[in-house]
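Thanks for asking me to look this one over. Please have the model open beside you while you read my notes.

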Amino acid sequence: MPPQVKVSGKGSGRVSVAGMVCAKPGERTRLIYRMLVHHSGRRGEKNGFREQDFAELLDAAHRQLGGKIVLVWDNSTQHKNALMRELLAARQRWLTVFRLPAYAPELNPAEGVWANLKNDLGNLAACTVDALADLTRTRLKKMQYRPELLDGFIAETGLTCTPP
């Protein structure tokens, strides 16, 4: 029987990650992400991403990639509410948004990132939320240096980067 480690996650907090798989013709595929760590019981800490956080992630992608961005986005409530529509409209000079169907994770390359990350973290026993955040950051950094893996996440969706 394999060794077992008991870890109580009760009340320890959570790690939230938002990210995007970015493809630009002629360049390596990139993973751009942001992470929030929420410790239970700490006042003033965000416990999840808000619309402004998503807008800042888009701004960071725009700075890193240069040029215009075509965003293929899922239909998360935070991605389509009034504030988010306003934030997207303010970026319309360089941002075009296409929405995925209501529930279509198989069309979202980022789902491959999250599945791979969860699989990587599955056999690890982080004792604190900060340790989990460090492990998460390390695994995501490794993915950033594996463009062929990111290309695979795009290929799994059947989406192409070239217009018909």
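1. **Ground rules.** This is a predicted model, in which local features need pLDDT of at least 70 and side-chain atom pairs count only at pLDDT 80 or more, while totals for chains, interfaces and linings use all residues. Residues are numbered from 1 along each chain as its sequence is written, and side-chain values use heavy atoms, with hydrogens and water left out.

2. **Overall layout.** The chain has 6 helices and 4 strands, where helices (H or I, at least four residues) and strands (E, at least two) are DSSP runs numbered from the N terminus. Read from the N terminus, the order of elements is β-β-α-β-α-α-β-α-α-α. Along the principal axes, the C-alpha atoms occupy a box of roughly 55 × 35 × 30 Å.

3. **Burial and surface.** Of the 164 residues, 35% count as buried; buried means under 20% relative accessible area, exposed over 50%, and partly exposed in between, with a 1.4 Å probe and protein chains only. The accessible surface is about 10,600 Å², and carbon and sulfur atoms contribute 53% of that. These areas come from the Shrake-Rupley method with a 1.4 Å probe, and for residues only the protein chains shown count as cover.

4. **Contact range.** Among contacts in the chain with a separation of 6 or more, 66% are between residues 24 or more positions apart. Contact here means heavy atoms within 4.5 Å.

5. **Helix 1 with helix 3.** Two packed helices are described by the angle between their axes and the distance between the axes. Helix 1 (residues 51–65) packs on helix 3 (residues 82–89) at about 25°, with the axes 9 Å apart. The axes are lines fitted to C-alpha atoms, for helices over the stretch in contact, and angles run from 0 to 180 degrees between N-to-C directions. The two helices are therefore roughly parallel, given that angles under 35 degrees count as roughly parallel, over 145 as roughly antiparallel, 65 to 115 as roughly perpendicular and the rest as oblique. Helix 1 brings E51, Q52, F54, A55 and L58 to the contact, and helix 3 brings L83, M84, L87 and L88. By class, that is 7 nonpolar, 1 polar and 1 charged residues. Ala, Val, Leu, Ile, Met, Phe, Trp, Tyr, Cys and Pro count as nonpolar, Asp, Glu, Lys and Arg as charged, and the others, Gly among them, as polar.

6. **Helix 4 with helix 6.** The axes of helix 4 (residues 109–121) and helix 6 (residues 147–157) come within 8 Å and cross at roughly 125°. Helix 4 and helix 6 are therefore oblique to each other, and their crossing is right-handed. P109, G112, V113 and N116 of helix 4 meet L149, L150, F153, I154 and T157 of helix 6. This contact has 6 nonpolar, 3 polar and no charged residues.

7. **Helix 4 with helix 5.** Helix 5 (residues 129–144) packs on helix 4 at about 125°, with the axes 10 Å apart. That makes this pair oblique, with a right-handed crossing. From helix 4 come V113, W114, N116, L117, D120 and L121, and from helix 5 come L132, L135, T136, R139, L140 and M143. The residues divide into 8 nonpolar, 2 polar and 2 charged.

8. **T29.** Is T29 buried or exposed? T29 is buried, with a relative accessible area of 5%, and sits in the loop between strand 1 (14–22) and strand 2 (30–38). Setting aside neighbours within four places in sequence, T29 contacts V21, C22, A23, P147, L150, D151 and I154.

9. L159 follows helix 6 and is partly exposed at 36% relative accessible area. Beyond neighbours within four places in sequence, L159 is in contact with L107 and I154; the C-alpha atoms of L159 and L107 are separated by 7.3 Å, although they are 52 residues apart along the chain. F98 lies in strand 4 (residues 95–99) and touches V70, L71, V72 and W73, not counting residues up to four places away in sequence.

Notes: Left-handed = near helix turned anticlockwise from the far one by under 90°.
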